[in-house]
Every structure is written in structure tokens, then in C-alpha cells.
Amino acid sequence: MVDSLVNLGWNRDVAFFVASLLGAVVLASFGLVWIIFAIWLERKLAGRIQDRIGPNRAGPYGLFQTFADLFKLITKEDITPAGADRHIYNIAPIMVVASIVLIFAVIPFSATWVGADLNIGVLYFIAVGSLATLAIMLAGWGSNNKYALLGAFRVIAALISYEVPMILSVAVPVLLAGTMSMQGIVHGQSIAYIFVAPVSAFIFFVSQLAEAGRSPFDLIEAESEIIAGYNIEYSGMKFGMFMASEFIHAFVISLLTVILFLGGWQFLGAGHPGSELFGFIVVMGKAMLVYFVVILIRSTTPRIRIDHMMAFNWKFLVPLALVNLIVVAFCARIFVPDYAAAQAVADGGGLGAFLAGMFGVGFIAELPRAALCLVANIGLWVVASRLLRQYSDQERDRVRQLIQERRDQRGQTAPAAAGR
Amino acid sequence: MQQQEWIFIAIFFVIAPILPIMPIALPQLLRLAPRRANKAKLETYECGVETVGDAWVQFKVQYYLYALVFLIFDIELLFLFPWAVAYNQLPLFAFVVMVTFIAVLGVGLAYAWRKGALEWQ
């Protein structure tokens, strides 16, 4: 695009600026437009899963339900409570959407369709992703409402806990690919990293769910305890922004999981330059698959308690992530991908040539390391899940015993009370 | 090359806030929404009863011990990334060093666990 503008006689810098501006607008609005569809999909699927019909009035299959909601929100009165800190209160909904839209800047949708292929893309999305939580904290504090403040407290508790295993699990794809650029990580995935380090993928997905405040970690906006938490004082489009940000965040975590662990735009060696649209469809298709899992989890699991949430993180996920990083690093040390040798195997004909033709030469180069990591990871998972099972059995026995003791106590005191 | 990418990020940082500002500001500028504020409407919501006191009070933050552990972890974890990026070119010694580093972190976690810093009261 820059080149075509330069050919038209534009200054190179100006052409670059205009192209970047257009790209940024398209990319940023893509997230917001896509979310209109995603909200409908989520409500429809959640409805079906819970044996309801879901939206079915506005348009075919209720497709226009989101537009109806949008127009309702636009015509709602905008109320700023008298006690609120006006500036903080008004900045929060803008910041919460902006921070999540910013993540789109580094997501590679195909081999060339990427906003900005930063060499520290991973660090960028970790940093920018935390801004959303800060915005929620601003909302909770600025509303001057006790429920909102409690919600904000819970958000911070969730963020500071789940950030640690998230960063630890992201270090694994970075280590395997040897780069922090998102595009580089996708290039490195001749074998999707979920087949190399499934434990990391699991930890990443769970901690991202917690950070986005999705069910089962949605206690930050538990309507039965703290009446929707941080967004309680918001109305109209400001509330709409919070709602939109939640859905965009859910989709962004699916996208990030796809990029980091599911191979991004790689699909059986396809999606190379020359088939950009195909790469885009592959990324979106995989992201929809992960998003479907998110919806499935949301509509089937109960909300977990905050002490359980913290214990699960600090006593299970963090140690697991630490051990997992060491295990993967150890396996990656034994087999370093050797592309020259892989090329030789591919040229040798037979099975090697077949695999290289089907999945690319990188597949053969990665295969020994991937197989070893996978075996080690499965072993690690077996041990970890056994420990978890043992702990939960102990905990269940303890609670059962406690209940029994209470029951016995009551049995002893009840006749005495009756005698008096 | 990287400079161009950062210019794009800078542009993105300007665009991203404008997108949510528009749907918030437009209905108000076009007077699509009613504006009939009164004293009761502007009160802080508290289950329908009159608001008691301020929310901006000193409040016990239950997770400050987690916050301390998080702070240490988060800073230490940043050191992992340069190591992870260069890992394939590093000698075996780098692996030993990092295992020691993570082990120190693990001991710190075990200490906090043992001391009861990881219990939610």
C-alpha cells in the first residue's frame, strides 16, 4: 500500500503515515465490529446450552439483538453519581476498551497481516492487557460506591495472582521459538505448541480466563454478592463500554491462545505468503473454536470462591508453571531443531519426504524435541493431577468431618435446651 | 524496520481511545438521551436505602501479602524472557543457572506458603 501511494507521487513518510493510520483504524474497529457478532453468538450458544432458545426476536435467529441493545443503551440517560470522582469515573470506560483494543496491534492474522510485528510483542500484550484491570480499578474507586470498591479489590486480587502463572507459561513458547515477536512465534510452530507443551497451554488459558474475569472466575462481578461490582454506578453507553470490553477481552484471549499455542495462521503448512486471506480465515476459525470453549465453560461452571481461586493459583498453578518451565527447558536442551539435517531427511525420500511435503520441513526438524516435550509434559500432568486429586480428597474428608462434628454437637445441646 | 512498527503503535495509542469516546460522546452531543437528573437519582446506589458514609475509607486489603509475593515474582520473571529468547544459542551452563534461579524463586514461594502468606483469611 505504501508503495502504491509512493508511485502516485506521494512523499514516502507521508504515505507511510497515511497507510499506518488507515491500518490502525481498520484493525481497531475490526475488534469492535466483530464483537457485535460475538455477543449474539455467545448469548445464543449459552441459551442453547442451558436449554433455552436465546435471542430470537430481532431479525433472523435474533441476529439483530445486539443492535437493538445498542440503540437502547444509546438512548439511556447518562448519570454521574453526585459523590463520584468525575474524571476518574469518566476515564475508566474509555480506558477499559482502549487497553483491550490495543492488544489487536500485535496479533498476526496472517503471514503479512499484522499491525505491528514488534520484536517484544509478547511483553507488549502482557503490559497492555494489565491496563484493563487498572481501568476497572479506576471505575471501582471513582464510583464512590462500596460494592464497586469491593469488586475492584477482587479484580486486583485476581490480577496480581494470575499474572504470575500467565507470564511463566508464556515464557515456554518464547523459549521454544527463540523470539518474543508474535509473528516469530507463529513461524516457529511447524508443530503447534499445544502438542509440545500442553501444560503451558492449559495454564495460559486458565490464567487468561481469570484475568478477563470470565466464568468460573467471574466473582469480580458477582451479581448475587456485590451487585455486578465495579460497573454498578454506570449507565447508558458507559456501561455498554464495560460490557463490550468484557466480550472483546474474551475474544482476545482466544486469539492469543491461538497465536501462542495453536499455531496461529499455520494450517498443515498452509497460510504462507500468497494466501493471506486463507491465513486470516484459519486464525479466526481457530479463535472461534477456542471462544466456543470459553462460552462452554462460562455457561456450565459455577462461580468459584475467592479463597479457592487464590489457593488454586498460588498453590497449584504457580508451582506447576515453574516446574513445567524447567522441564521444557531441559527437553529443549536435548534436541535442538536442526533444519539442515531435516532438509536432508526430506530429500532422502520415503516417509521423510512425505511428511515434509505435507507439513513442511520445519515439522521434521521440530519432531524430536516436540515428542520429548510432549511425553515429559504428559508425565508432569499425571503427577500434578494426582497431587491435586489427593489434596481435594483430603479437603473433602476434612469438611465432611467438620459437618459431622457440628451435627454431633447440636445433637448433644438440643435435648438440654428442651429440658430447660 | 522496528521504528516503523513503533510509529504504528503510537498511532494505535491515539486511535484506540477515540473509538470508545465516540459512542459515549455522540448520544450526548446529539441529545439522543434524556437529561433529567434529580437529587435522588444522583445518589450512590446501596440496595435502595440511603447511603451510609463514604466508600473512600481505610479498608483492610486482605491480599497485601499476595501483593508482596506477586511483586517479587513479577520482577524476577522479567529476567526469564531474555534468557528464553537466547536459550537455543546458550551453552548448557545457562540451563543450570536458570534452574538455580527458578529454584531460589521456588524456595521463596515455599517459605511464603509455610509462613501462611498464601492463606486467604
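**The contact between the chains**

Modeller: Across the interface of chain B and chain A there are zero salt bridges, a salt bridge being a side-chain nitrogen of Lys or Arg within 4 Å of a carboxyl oxygen of Asp or Glu. This is a predicted model, in which local features need pLDDT of at least 70 and side-chain atom pairs count only at pLDDT 80 or more, whereas totals for chains, interfaces and linings use all residues. Residues are numbered from 1 along each chain as its sequence is written, chains are lettered from A and ligands numbered from 1 in the order in which they are written, and side-chain values use heavy atoms, with hydrogens and water left out.

Biologist: How many residue pairs are in polar contact across the interface of chain B and chain A?
Modeller: One residue pair is found there, with both residues at pLDDT 80 or more. A polar contact is a pair of N or O atoms within 3.5 Å; within protein, one must be able to donate a hydrogen and the other to accept it, and residues adjacent in sequence count only if both atoms are side-chain atoms.

Biologist: Which element gives the largest share of the side of chain B that touches chain A?
Modeller: That is H1(B), with 20 residues. Helices (H or I, at least four residues) and strands (E, at least two) are DSSP runs, numbered from the N terminus.

Biologist: And how do the residues on that side of chain B divide?
Modeller: They divide into 53 nonpolar, eight polar and nine charged. Here Ala, Val, Leu, Ile, Met, Phe, Trp, Tyr, Cys and Pro count as nonpolar, Asp, Glu, Lys and Arg as charged, and the others, Gly among them, as polar.

Biologist: What area is buried between chain B and chain A?
Modeller: About 7,000 Å², of which carbon and sulfur atoms give 77%. Buried area is the accessible area (1.4 Å probe) that two parts lose on being put together, summed over both. Phe12(B), Trp56(B) and Phe81(B) supply 11% of the area that chain B buries against chain A, more than any other three residues.

Biologist: Turning to chain B itself, what is its secondary structure?
Modeller: Chain B has four helices and zero strands. Its C-alpha trace spans about 70 × 50 × 15 Å along the principal axes.

Biologist: Where are the domains of chain B?
Modeller: Domain 1 covers 2-42 and domain 2 covers 61-115, with bounds from an automatic or database domain assignment. The centres of these two domains of chain B, taken over C-alpha atoms, are separated by 40 Å.

Biologist: What about chain A, how is it divided?
Modeller: Chain A has domain 1 (82-329) and domain 2 (335-385). Between them, domain 1 and domain 2 of chain A bury about 1,500 Å², 72% of it on carbon and sulfur atoms. Two residue pairs are in polar contact between these domains of chain A, both at pLDDT 80 or more. On the side of domain 1 of chain A that touches domain 2 of chain A, the largest share, six residues, comes from H13(A). The residues of that side divide into 14 nonpolar, five polar and no charged.
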